[in-house]
Amino acid sequence: MSSKATRFQRQVQNPSASLPEGSLRVLQITDCHLYEDPRGELAGIRTLDTFDEVLRLSKKELPEQDLILATGDLVHDASSEGYGRMMARFQAHGVPVHCLAGNHDLPTVMNRCLNSKSVNSPKAVQYQNWSIILLDSTVPGKEGGHLNSAELEFLESSLDENPDSFALVCLHHHPVPVGSTWMDSIALDNPEELFSVTDRYDRVRGMLWGHIHQTFEGNRNGVRLMGSPSTCIQFLPRQNKFGIDNQPPGMRWLELMPTGIIRSGIQRLSQIPVELDLRSVGY
């Protein structure tokens, strides 16, 4: 396996034109906040419209996707209609989609509605020599996150069961501070328990999350840490109180190499929706 010094690469702007055999092209879609009503709005914008636009952009910019990871807050009101609308679009997209819940989702409803051969909510999937582990950090009735003992035990057992695979660990809530007081107050509340597991496995090469509605890049003990923009509104970084950024909706792409290296970057729509209300004080 490659050394910790060489496995981590900073954010890059464009996907590779070609990749070594055994590589994976992954698209992360997160914090879509769809509604039962297809006209549902968040801070003035119709979230279904920007979700559709981001998916169209991904087809143009990332035409050779192997899979999509949808990392929570998929439907703002957790309605079966919202999930059904998302299901239809993901199925039409034509690649496997694996989903996990965020604090605005209801896991039972999400798992029931996003449940087909190509669009589903597994605990873990295996592609090439990569294990992708999807952890449920949601707490009923809470905005912040927690990984209970069952989730941590599943993480450990998954890593034990795939000793020849590199691992990408996914969850909704951020396990490290991002520098915004209000957002860090609703982060994962037991990151030390998560890291006590992952620190023991050199095969863990990346950790990926949503929730923060902004780009985050970090590195902890050689593990790449990645937070990503929303397909709808973006949050102002490094703020004490809630604020909306004028960055356009976006997505993250990842290239998982057979050597364990992760390349990744952000793609955004060309402009912010004109209806966006930057004065909004909450969501």
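This is a predicted model: local features need pLDDT of at least 70, side-chain atom pairs count only at pLDDT 80 or more; totals for chains, interfaces and linings use all residues.
Visitor: How is the packing of two helices described?

Guide: In general, two packed helices are described by the angle between their axes and by the distance between those axes. In this structure, helix H2 (residues 47-61) and helix H3 (residues 80-93) pack at an angle of about 10°, and their axes lie 12 Å apart. H2 is therefore roughly parallel to H3.

Visitor: Which residues of H2 and H3 meet?

Guide: H2 contributes Leu48, Phe51, Asp52, Leu55, Ser58 and Lys59, which meet Arg85, Met86, Arg89, Phe90 and His93 of H3. Sorted by class, this contact comprises 5 nonpolar, 2 polar and 4 charged residues.

Visitor: At what angle do helix H5 and helix H7 pack, and how far apart are their axes?

Guide: Helix H5 (residues 149-161) and helix H7 (residues 191-198) pack at about 15°, with the axes 10 Å apart. Angles under 35 degrees count as roughly parallel, and H5 and H7 are therefore described as roughly parallel to each other. Their crossing is right-handed. On the H5 side the contact is made by Leu152, Leu155, Glu156 and Leu159, and on the H7 side by Glu193, Leu194, Val197 and Thr198. The residues of this contact divide into 5 nonpolar, 1 polar and 2 charged.

Visitor: Which strands supply at least two residues of the lining of the largest pocket, and which gives the most?

Guide: Strand S1 (24-29) and strand S13 (250-256) each supply at least two residues of that lining. S13 gives the most, with 3 residues. By class, the lining of the largest pocket has 7 nonpolar, 3 polar and 4 charged residues.

Visitor: How many cavities of 30 Å³ or more are counted?

Guide: The count comes to 1 cavity of 30 Å³ or more. The largest cavity has a volume of about 30 Å³, and its lining consists of Leu34, Tyr35, Asp37, Pro38, Gly40, Thr47, Leu48 and Arg85. That lining has 4 nonpolar, 2 polar and 2 charged residues.

Visitor: Finally, where is asparagine 246 placed, and which residues does it contact beyond its neighbours within four places in sequence?

Guide: Asparagine 246 lies in the loop between strand S12 (223-227) and S13. Leaving aside neighbours within four places in sequence, asparagine 246 is in contact with Ile272 and Leu278. Its C-alpha atom is separated by 9.4 Å from that of proline 273, a residue 27 residues apart from it along the chain.

How values were computed:
Residues are numbered from 1 along each chain as its sequence is written. Side-chain values use heavy atoms; hydrogens and water are left out. Ala, Val, Leu, Ile, Met, Phe, Trp, Tyr, Cys and Pro count as nonpolar, Asp, Glu, Lys and Arg as charged, and the others, Gly among them, as polar. Axes are lines fitted to C-alpha atoms, for helices over the stretch in contact, and angles run from 0 to 180 degrees between N-to-C directions. Angles under 35 degrees count as roughly parallel, over 145 as roughly antiparallel, 65 to 115 as roughly perpendicular and the rest as oblique. A crossing is left-handed if the near helix is turned anticlockwise from the far one by less than a right angle, and right-handed if clockwise. Contact means heavy atoms within 4.5 Å. On a 1 Å grid over the protein atoms alone, a cavity is a set of points where a 1.4 Å probe fits but cannot get out, and a pocket is an open set with protein on both sides within 12 Å along at least five of seven lines; lining residues have an atom within 4 Å of a point. Grid points are joined across faces, edges and corners, and a volume is the space filled by probe spheres set on the points.
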